[in-house]
Amino acid sequence: MSYVDDVYAKIVEKNPAQPEFHQAVKEVLESLRVVIEANEEEYKKEALLERLTTPERIIQFRVPWVDDAGQVQVNNGYRVQFNSAIGPYKGGLRFHPSVNLGIIKFLGFEQIFKNSLTGLPIGGGKGGCDFDPKGKSDREVMAFCQSFMTELYRHIGADTDVPAGDIGVGGREIGFLYGQYKRIRNIYEGVLTGKGLTYGGSLARTEATGYGLLYLTAEMLKCNGKDIKDKTICVSGAGNVAIYAIQKAQQLGGKPVTCSDSTGWIYDPEGINVALLKEVKEVKRARLSEYAAKRPSAEYHEKKNGEHGVWSIKCDVALPCATQNELDLEDAKALVANGCFAVAEGANMPTTLEATEYLQKNGVLFCPGKASNAGGVATSALEMSQNSERLSWTFEEVDAKLQGIMVNIFHNLDDAAKKYGMEGNYVAGANIAGFLKVAEAMKAQGIV
């Protein structure tokens, strides 16, 4: 059995009932096989892959809080500090009922390579809780966030671990978390990113993941002789990433026609109205059915099991921006049949392994989330820099740095794929480019 296969078998054996983590490790190790087999004796002796796939630290804790009815509720909190070889742990917090240790481990593992690709000195980590902020009052969210931080604070710090937002954790939640950290530690430092502009946040952070996704997508198309202008684009999701991906796509001349939430999806052949979408999702925190009610050109479809939603619409470019494994093999077949020639992931691992392989075999340009959605964490690292310098950069300065980072990411993964004889395989290119930097740092720092 090869070293890669041996390590993967041990991962599955030692981490039962964590399919998302297994999937993430398998995808990375398979695309690294050519690099690992060229250095197998050295890596095996140093147990490099075992150390890479085992978190440096896992923190799990209970989060008790009181709801508006006076009832005490208890949730499960997590922080997985996966790898600090190239910098302090950096990765978001996810508040969603689906959160469990396996999902947080998959996200933290992906974060190692994503953060490496940015070229910035940040390691990989992730955290979260099975708490659902939907339908909760501001007081309940505050009570929960304060309890969550009362445990988490002892494990994080500006030079140790810097969490950010993710699904279910936006500006409101970050504000409550930061206030409690400051209260307990009596320190005003850049320990969280995604903060409000009045207390150390960075301009362009809200837009960063969606904007970055389009900067990389546009560069990928350009380097393959295509242009995003006048292309029909299908987007899933209706959160932060999707909204600003749609906005930037329109600014670059593309035509996004879909988006979705947990209850349904819309198809707007005239193009998504970003102002209305923001009003419905960011201001009213309402369902997409309200968008369709105010937009005569839009069709609203209730979410049904077995249907393919936004991926059934004919498009040139697909941008999955909702959640993991939302684009399966049948969706991939529908996209190919409808003439889609590019897919770039805005969410973390939204495409199944089978779907990814099908898209690649059918000549679709495919960029994995660890590269294409790295704009969020890259701008978080820029926020950390501004906090350390006690400075605030303009929107234009941050946006220009973001665009430069995303263009560089694409060229780095493109070069890595070509170097190892896999031209056009951007999944392999991203994993190899991210891995080599982390592996060198790990070897240099000894057996730790």
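**View 1. Surroundings of Ala371 in the predicted model.** Ala371 touches Leu117, Leu216, Met406, Ile409, Leu413 and Ala430, residues up to four places away in sequence being left out; contact denotes heavy atoms within 4.5 Å. The largest nonpolar core has 57 residues, and Leu277, Tyr291, Leu319, Ala371, Ile409 and Leu413 have the most contacts inside it. Helix H8 (residues 205-222) supplies the largest share of this core, eight residues. Apart from it lies another core, of 39 residues, including Leu101, Ile104, Phe109 and Ala439. A nonpolar core is a set of buried Ala, Val, Leu, Ile, Met, Phe, Trp, Tyr and Cys residues joined through side-chain atoms within 4.5 Å. Buried means under 20% relative accessible area, exposed over 50% and partly exposed in between, with a 1.4 Å probe and protein chains only. The model is predicted, so local features need pLDDT of at least 70 and side-chain atom pairs count only at pLDDT 80 or more, whereas totals for chains, interfaces and linings use all residues. Residues are numbered from 1 along each chain as its sequence is written, and side-chain values use heavy atoms, with hydrogens and water left out.

**View 2. The aromatic pair Phe21 and Phe109.** Rings of Phe, Tyr and Trp (its six-membered ring) pair if their centres lie within 6.5 Å; planes under 30 degrees apart count as stacked, over 60 as edge-to-face and the rest as tilted. By this rule the count comes to 18 aromatic pairs. The ring centres of Phe21 and Phe109 are 6.2 Å apart and the planes stand at 90°, so this pair is edge-to-face. Because Phe21 lies in helix H2 (residues 19-38) and Phe109 in helix H5 (residues 101-117), the pair ties together parts that are 88 residues apart in sequence. Both Phe21 and Phe109 are buried. Helices (H or I, at least four residues) and strands (E, at least two) are DSSP runs, numbered from the N terminus.

**View 3. The aromatic pair Phe95 and Phe131.** With ring centres 6.2 Å apart and planes at 85°, Phe95 and Phe131 form an edge-to-face pair. Phe95 belongs to strand S3 (residues 89-95) and Phe131 to the loop between strand S4 (123-129) and helix H6 (138-152), 36 residues apart. Phe95 is buried, with a relative accessible area of 1%; Phe131 also counts as buried, at 1% relative accessibility. Phe61, Trp65, Phe95, Phe131, Phe144 and Phe148 form one aromatic cluster.

**View 4. Lysine charges over aromatic rings.** The charged end of Lys195 sits over the ring of Tyr178, 5.9 Å from its centre. That of Lys401 sits over the ring of Trp393, 4.8 Å from the ring centre. The criterion places NZ of Lys or CZ of Arg within 6 Å of the ring centre and within 35 degrees of the ring normal.

View 5. Strand S1 (residues 57-66) and strand S2 (residues 72-83) pair in the antiparallel sense over ten bridges, two strands being paired if DSSP finds at least two bridges between them. Val63 has Asn75 in S2 as its bridge partner. S1 and S2 form a hairpin with five residues between them, and Gly70 in the turn has a positive phi of about 85°. S2 and S4 pair in the antiparallel sense over six bridges, and Arg79 stands opposite Gly127 in S4.

**View 6. The open sheet S8-S9-S10.** Three strands form this open sheet with antiparallel pairing. Strand S8 (258-260) and strand S10 (299-302) are the edge strands, each pairing on one side only. S8 and strand S9 (residues 264-267) pair over three bridges, and Thr258 stands opposite Tyr267 in S9.
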